[in-house]
Structure formats: structure tokens, C-alpha cells
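Open the model in your viewer and keep the selection tool at hand. Each stop below says what to select and what is there.

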Amino acid sequence: MKGIEVKTGMKIPWNARYSLSLLILLSSTLFLCNGQDYGTPTEDGAGGGEPPPEMAHCNGIFMSYSFGSREREYPHVKNVTAQSWAFKATAMIVNAGKEELTGWQMFIGFRHKELIVSATGAAPMDGDFPLDASNGTTFVGSPNTDLKTSILTAGDFTQIATNIEITGTLFGVAKSVLPMPKTLKLINDGWECPAAKRKGGNMNVCCKRNPKFKVKNGPKTKFAPRRHGDLNIIYDVLQSFSSNYLAQVTIDNESPLGRLDRWNLTFEWMRGEFINTMRGAYTHKRDPSECLYSKAGQYYKDLDFSQVMNCQKKPAISDLPPEMKDDKVMGKLPFCCKNGTLLPPLMDPSKSRSMFQLQVFKLPPDLNRTALYPPQHWKIDGVLNPQYKCGPPVRVDPSQFPDSSGLPAITYAISSWQVVCNITKPKAQASRCCVSFSAYYNNSAIPCNTCACGCNDIDTNTCNADRDPLLLPPDALLVPFDNRTLKAKAWAKQNHMPIPKKLPCPDNCGVSINWHVNTDYRNGWTARLTVFNWRDFAFEDWFVAVEMGKSGKGYENVYSFNGTRVPPNNRTVMFQGLPGMNYLVGQVNGTHPLRDPPVPGKQQSVISFTKKNINGLKIAEGDGFPTKLFFNGEECALPKHFPKKSSGHRGGMSVLMSLVFAMAAAFAL
């Protein structure tokens, strides 16, 4: 048989050519089959490359964490614990079992002061980026919240798995040490995970259903169960069209001590959306040019953008004033138009909810009814209120509403997302209110801490921001800080206390509270609470919450306020103004403005406590002072010390000073 001549000049026999062709065909087939096992990573983080070999032995939820790289960040320091490193890592969660996992929640136990800057394919449940993950953090799917099974998807890796590309900063790890997390686990109810296996820069775990877990009685949820937080925000889509949809935002205050005044809400559109109209709220900026020169202006060529509410990527939204409640265009919505006031449900349940609606226009490629994406990066704040930290929107089962026809029927939202916000403890020198202490057994009052509410707006070259405040005569608490200097110097000289060359800076707080231990006797004791408003506006429906130690159980009565114990431990008492006295007025000029200092708004009452059934109570040694104090939900800065009862104390003098302070405050009121 003749051979076949090729360019090289060598001749291949026919049977050899047949064998070679068969080999090439088999190789191609193997290559194609091998390429179908697992998809490549997609833009939203789903998919992945070759799976870890440990996953083949997992009949459940497989999770892994792989440390990628790190790079030394500026500034470069010699102290290893203070040096920061930029790092990259990859986490993966795969449903390798027979049961669909809805609303997956993956906890990564970071332990090297990690600061997570970004994560693709997931969102942190504990807050927004950049996120302090020093004690670990929980990731939820975004946008892929559920993991289907391989059986029902024919092994489609984009539906059964999610890859999370993590970028962040870590601290305090030598270059030779791999900064791996401590734990890796699935925290969904009914799942249990063994300790993660680690090998070098990789760790993995296989979590399985707990056969002893009993499902809680209640309706089954298709999406993640709704969670409870200090502030809950629900984003409901009520109507959906190809190019726009109608959404309703409901804000519920569920904290017994949380509160918002004149709330200001912001979020970020991620896909070019803009707000066409609103009802129940308004945006702070309305600039048609932002729409005309954007992608929205290019697509909606015939739309009159002068009538559009807002085209900002990060709109700032506020509640309407009460006078617009019945406005036909922007009002007539339940729970709206309270000027941004959200009270604790303990005070008034009818004022603990806000609501507004917005018509959202979309852009390509999201021009269909089911392409619905909530805004991200939610933040909410008030005038003098606690600081809230909000998590990402999490898909939940559609909200239910009474049917608008009045019939006994239920209407469902098309889609719903929940944003949970929790109160954070104020950082040092970042409070918005402060507390001063005084007592009948000590002549001096301990004023608010230096720079208790920050010193960013003053020239610290003229005062000492790090020095403790000077002790004061009690009546000096009645005047503004600028008018206390002479009194403070005279008091220090009279009591033989040193006067520094550079005096301490002011507290810079708009509201201050004085807690004065008034009496202490065998069966009980009393205190006097005075609230000072140094702002130029009034606080409506104000409240003060005082958390005591073991003495809190002995609360008996308050005489000029309303007092309510706060469950569950009943050691916290909430005080609020009586009917007709629920306004804490602002600061006003003195009788003679040229010579008299401004006068703050004040409210004051005596509070009585019993010592019955409370052993070892020592009022003068700290039991008579609050461990925490809140004004309108904001935790106020407490003094570092409380008045001490010295052996050389002269009781008559202190009682006299207490009477002077009480008379002066009463006269001012």
C-alpha cells in the first residue's frame, strides 16, 4: 500500500494514519468532557475553577478559604503589630448535597484585625464596606442568595456555588506567618460544622444537616428569614413594569431606647437607576442636569427631566413635615410626614414607624419586569441620636398587606428586601451629649469630660484637649462653658487645687445632663436629674434613660417626669416630660444680653430609690451613679470619676451648696 506524503517528506502508513486520527479524536472528546465539569467564574462571583479534592467526599455544604497574597502598606513601621498589609483571599461555598440551601450565611472567623474593603459575590451581614472584621464577619449571597442542588440544575456550578473574592487590610502579622482565619462555618439554622481542616494557606469544612434539629413552628420561608434589629428597613416592590417600578420603604424602630429625629436616609443605586417621583418623603437635591448628562438622559430622550425628583447615585432622603400630610401629590400615605421623628415603641407605638414610596426608573439591560435590584450601602442618621450601622439588603419573603378594597384578603409585594441597622457605641470624643456628676457630700461638681463631643471645630492650640476638666462649684454648671473660666479659677484657688497654664478644652456638647446625689439615708436615697439644652432649637418628646447598677432595682418614683422601667432587667428607667412639658426648649439670651450669659433650656426632677432587699448598697462609693445614660437614644459620655466622700468632709457646707444649686436651677426654670 502506498504511503501519504507530507511536507516533511516522511511517509506515514495508512494504518498508522488511522491510529493517529483516532487518538486525536479521543483527546478532543476527553478535553470537551473535562471542560463541562465546572464553569468559569462569572462577574457576580458564581462558578469557579477546579474544585478542591476534599469536596468530592462532602455530602452537604462545602466551604473553603484560600489565602492569596499580601503586600505591605504605607506607612512602613518597625513595630510588627502596627504594620498594615493589603491582602487578597478567596472563599467558596458549594451545595454538594441533595437539599437546596436558602439564604446562606457563611461565617469567617478573622482574627488579625482585618478590615474588609470589598467582596464580590457576597455582602457582609454586619455592616457596609469598609468593615471592621476583627472578630469575624458573616457573608450572605449578593445577588445569589440561594444555592440549588446539582441534581436539579444538571451540575450548573453557577447555581450551586458562589465564589467570594475578598480584598482588605490586616495588622500585626509577621511576614513569615500565614494570616488564616480561626474558624469557618455555616450559621444557618439546622446545620452543624466540624472544625475546619487547614493545610498551608487553605482551609475547608463540610457542614451537614443536624438530624436532631427541630424546625421551629411557623410558616416556611422561601428566602432568608426576617431578622430583628434596632432599626428595620423593608424595601418592597409593589408594582413592576418593563422600564420602572414602584417601591415602598418602611422604617420600624424596634429598640426600647433607640430614636431618630429629623432622620436622613441615604443609599446607592448600583445600576444607573433614578427616582422619578416620591410620596411621603423628598430628596435634598433636585438637579435636572444630572439626569440630562447621564446615561438616563441618553436613553429617555423624550422624558421631561425638570419634573424628575432625583438623578443622584447617592440621594439624601428626608421625611416630610406634618403640614404636608394631606398633600394630594406627595402626602396621603400612612406613617409619613412626622418631620423625621421615630420614637421608641415604649413611648408611642404609633410614632415608631415611617413610610414613603418612590417610582424608580431603570436602564438597559434591566428592561424587564423581573429585573429588580434594591439599592445598596444604606445609612441613616438623626440630629442628636444614636449612630446606626446598617447591613446589606437581604432578600426575604414578600411582605403582606391588607387588601385595599377592604375585603378580608391579603395582598403581597412582588419582591421584598430587609436592611437591618443596629446602634453602635459612640467612640471616644464622638458622643453628642455628656453627663456631669455632683453629690451632697462633696462641694465640687465633676463636669463633662474634655472634648466629650469632639474638638474638631475648635483651636486646640488655645486649650488642652487631653487634660481632665477642672472641678467646678455646682452653680457653674448653669452657665455656658465660655462663662465658667473665672468661676473655675476662683474655685481652684479657694480649694488649693492647681491651675494649669493651658486650661482644658470644652466638652462641645449640645446637651448635658447633671446627676446629683441629693440624700442618702438608712432606708433609701434620692437623686436629682437636670437636663440642659445648649442648642438653639427645642427637642419635642424628649426622653432620658438611666441605667443603674444594683441600685436600679430600688427605683420608686419620679416627681416632675413620667418614669417607666425598661424590661427585661428593669434596672434601666426611662424619664420623659409630663403632658405639656414634653418640649425641652433651646438656649435663649439672658435677661440683659450685654452682661448676662445665655440661658440653656432646662428640665429637672427629683428621683427616689429604696434600699429594701438590696444588700451592700454603697451610694457614695459609686452605687448612686448611672453606669449608662441616654438622651433621645444617644449614649452620653460619662465622667471618668464620681464624687468621693472624704474623711475631712464638712457636711453642712455641702448641704448648703446643694441647696444653692437647687435654688439657682429652680429660679432659672
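The tour goes from the whole chain to one strand, then to ring pairs, charges over rings and nonpolar cores.

**Before you start**

This is a predicted model, in which local features need pLDDT of at least 70 and side-chain atom pairs count only at pLDDT 80 or more, while totals for chains, interfaces and linings use all residues. Residues are numbered from 1 along each chain as its sequence is written, and side-chain values use heavy atoms, with hydrogens and water left out.

**Stop 1: the whole chain**

Select the protein chain and colour it by secondary structure. Of the 669 residues, 47% count as buried. Buried means under 20% relative accessible area, exposed over 50%, and partly exposed in between, with a 1.4 Å probe and protein chains only. Among contacts (heavy atoms within 4.5 Å) with a separation of 6 or more, 70% are between residues 24 or more positions apart.

**Stop 2: strand β27**

Select residues 415-424, which make up strand β27.

- β15 (residues 231-240) runs antiparallel to β27 and is joined to it by 7 bridges; N232 stands opposite V420.
- β23 (residues 387-390) is also antiparallel to β27, with 4 bridges; C390 has C421 as its bridge partner.
- β24 (residues 394-396) is antiparallel to β27 too, with 3 bridges; V394 stands opposite Q418.

**Stop 3: aromatic rings**

The structure holds 22 aromatic pairs. Rings of Phe, Tyr and Trp (its six-membered ring) pair if their centres lie within 6.5 Å; planes under 30 degrees apart count as stacked, over 60 as edge-to-face and the rest as tilted.

Select F267 and W378. Their rings form a tilted pair, 4.8 Å centre to centre with 50° between the planes. F267 lies in strand β17 (residues 264-268) and W378 in strand β22 (residues 376-381), so the pair ties together parts that are 111 residues apart in sequence. F267 is buried, with a relative accessible area of 1%, and W378 is buried at 2%.

Next, select F437 and F625. The ring centres of F437 and F625 are 4.8 Å apart and the planes are at 50°, so this pair is tilted. F437 lies in strand β28 (residues 433-439) and F625 in the loop between β38 (601-610) and β39 (628-631), so the pair ties together parts 188 residues apart in sequence. Both F437 and F625 are buried.

**Stop 4: charges over rings**

Select R262 and F537. The charged end of R262 sits over the ring of F537, 5.0 Å from its centre. The rule is that NZ of Lys or CZ of Arg is within 6 Å of the ring centre and within 35 degrees of the ring normal. Then select R353, which lies over the face of F335 at 5.3 Å from the ring centre.

**Stop 5: the nonpolar cores**

Select W515, L529, F575 and F631. They have the most contacts inside the largest nonpolar core, which has 38 residues. A nonpolar core is a set of buried Ala, Val, Leu, Ile, Met, Phe, Trp, Tyr and Cys residues joined through side-chain atoms within 4.5 Å. For the last stop, select Y245, M278, I317 and C336, which are included in a second, separate core of 36 residues.

Technical notes: Helix = DSSP H or I, 4+ residues; strand = E, 2+ residues; numbered from the N terminus. Pairing = 2+ DSSP bridges.
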